[in-house]
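Below are my notes on the structure you sent.

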Amino acid sequence: MRETLFNLQSKYLTSTDQRRSIDSLVSNIKKGEDRQVLLGVTGSGKTFVMANLINELKKPTLILSHNKTLAAQLYEEFKEFFPNNAVKYFVSYYDYYQPEAYIPNRDIYIEKESEVNQQIERLRFSAMNAAVTRRDTIIVASVSCIYNIGNPENYENKAIVLKVGMDIEISKLAGDLVFMRYNRNGEDFVSGSFRIKGDVVDIFMPYDDFPIRIQFFGNTIERISYIEAITTHRVKDVDEVEVYPATSLVYDNDVIEVALGKIEKDLEMRVNFLKNIGKDLEANRLLQKTKYDMEMIKEVGYCKSMENYSIYFDGRNTGDAPYTLLDYFDKDYLLFVDESHITVPQVRGMYNGDRARKDNLIEYGFRLPSARDNRPLHFDEFRKKQGNTVYFSATPDEWEIEDSRDKVTELLTRPTGLLDPVITVRPSENQIDDVISEVKKNIEKGQRVLITTLTKKMAEDLSSYIKDLGIKVQYLHSDVDTVERVDILRDLRLGEYDVLVGINLLREGIDLPEVSLVIILDADKEGFLRSKTSLVQTVGRAARHVEGRVIMYADRITESMKFAISETERRRKTQEKYNKLNGITPTTIVKGIRDKLVESKEEIDAINYKEWVDSAKPPKSEIKRVLKELEDKMHLYASNLQFEKAAEVRDQIKDLKSI
């Protein structure tokens, strides 16, 4: 594992209060304090403080976030802070996920269905690989990182090292790659696949940006190069490369044989038990389903529901904690829990929801009891695996404060001098007309607006109404997929939209300096979305603009509203005092707008094909393959009525055919 050498790069200098906070947190960690809290107001530079902590403590770091959108924002920020280090992104890779389930009262079995986002899957593999191979690693993850992903030792031990001058038969290398779950594919060279052409083997590791090309002379490796996936242009030569499995669930034949024996034994016991209590239907169902999975594992090394048998392959006993991303780090690592007041409850709640679903499947003969052990960590297990932990929040809950034994560092001032927004409360009668009026005033000043509602339907309906008035608006909620959410926020900043309507996604941590007005509808509806913590966080979205203001529509002042208003006023006074003491004039944050989280396919494929053909001199079969990819893309755009993009691809096809 490489030495840790973090290199923080930033145009910012730490403010007096930021420096004091950093020194306090570092000092506590060096004294052996493994839990503490940073109470930092919106815009105080909590992310910059995190970056400085990493730079000074030189430890691999896991940053835990409660939603994918905020995780993506943090990922982009840390890539800028540490451009020469391994900054990675680890969130759920499902665009659509329907877990396996059984509803007894309706006798409905739901097969597991999922749609994996290949780009995010590649980012996950890259994160796992960095955690086991580099100490200069920073991973920004959602709470999905506490779910079972397989034993890191097994993943590491299955890696193969290839060196220039090494003797190995191409057939042996191909066999090793198939064992590591790489697909052999001569046509579609995609992540997680390999291809062989004569004395050349190309491998596209799922955790790397560029495929690797291994050139042989006989059975000897003559050259190793990183190449571009489509053009095959050589990026750079290397003397050696480590190739890790395409998945963490890769097992030797002897391990598989032992595991199948254990599955057989448990299956026999469970079938007999079900029959003895009069559940013959369930017993037969379990027998057929499990036997089919066992046959698949025996023949090809895995099955569709492999994760449900993980306990047999990982060497765990019933009830043992699963292997999660936390196990891929050394024990001496930093854990930052961002927006801890909402992230910690999410971690606490994951286990019980998973357990309830699995219990039904087991009781009615769809799964062996061992399926329970493919699960997220329960909260006590998570606590045992925490590294040196800092809880970050503008509104930490009592639990985090108690867990840190009252070691709370406050950061209540902003280097920009920005004050917390002015809050006004207005009656709900005719609120939509008033909202439209305020939105138009803001747009005239070139500023953005956030509107928070209570439900997805309200967000969509209000967006539709505002759009009909000729205002550039978009809604944002959990049904919008991960990458699109990030792009929508980026487009708001760019001015593609003037207004964003959402629910709770617009509260914690979202960094939108162009937003000067936050509108909270139904502010007096007490509950999770209008609790004192939620309101304080929502108000904070307007704290990055010098003209920041918040309008709450309500017919009464609730206790939560009262708290949010008084706490905001307290923070305004603290900042005013700080500004006066340091001679600071408040200024709106000016922040660059980053590229998209994942490049769109058309951007990736924007290639000068004439240059490619002239320099790489690809064989006709390779040109034919690229043409087919472009034609498929053109037809896809046309079917989606994206005719301009279809026409662009058509022109690319013409250019390539004319060469």
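1. The chain contains 21 helices and 25 strands. Please keep in mind that the model is predicted.

2. Among contacts with a separation of 6 or more, 75% are between residues 24 or more positions apart. The exposed surface comes to about 30000 Å², and 48% of that area is supplied by carbon and sulfur atoms.

3. The largest nonpolar core is made up of 54 residues. Those with the most contacts inside this core are Leu62, Leu162, Tyr182, Ile203, Ile214, Val243 and Leu325. Helix α4, spanning residues 118–133, gives the most to the core, with 5 residues. A second, separate core has 35 residues, including Phe48, Leu53, Val91 and Leu334.

4. What does Ile214 touch, leaving aside residues up to four places away in sequence? Its contacts are Leu162, Asp199, Val200, Val201, Ile203, Ile221, Arg223, Ile224 and Val241. Of these, Leu162 and Ile203 are also listed with Ile214 among the residues with the most contacts inside the largest nonpolar core.

5. In soluble globular proteins, nonpolar side chains tend to be buried together. Tyr292, Met296, Val300 and Tyr302 make a nonpolar surface patch of about 370 Å².

6. Tyr292 lies in helix α8, which covers residues 280–300.

Terms used
Residues numbered from 1 in each chain as written. Predicted model: local features only at pLDDT ≥ 70, side-chain atom pairs only at ≥ 80, totals over all residues. Heavy atoms only, no water. Core = buried A, V, L, I, M, F, W, Y, C linked by side-chain atoms within 4.5 Å. Buried < 20%, exposed > 50% of the residue type's maximum accessible area, 1.4 Å probe, protein only. Helix = DSSP H or I, 4+ residues; strand = E, 2+ residues; numbered from the N terminus. Contact = heavy atoms within 4.5 Å. Patch = residues over 30% accessible without salt bridge, like charges linked within 9 Å, V, L, I, M, F, W, Y side chains within 5 Å. Areas by Shrake-Rupley, 256 points an atom, 1.4 Å probe, with all protein chains shown as cover. Salt bridge = Lys/Arg side-chain N within 4 Å of Asp/Glu carboxyl O.
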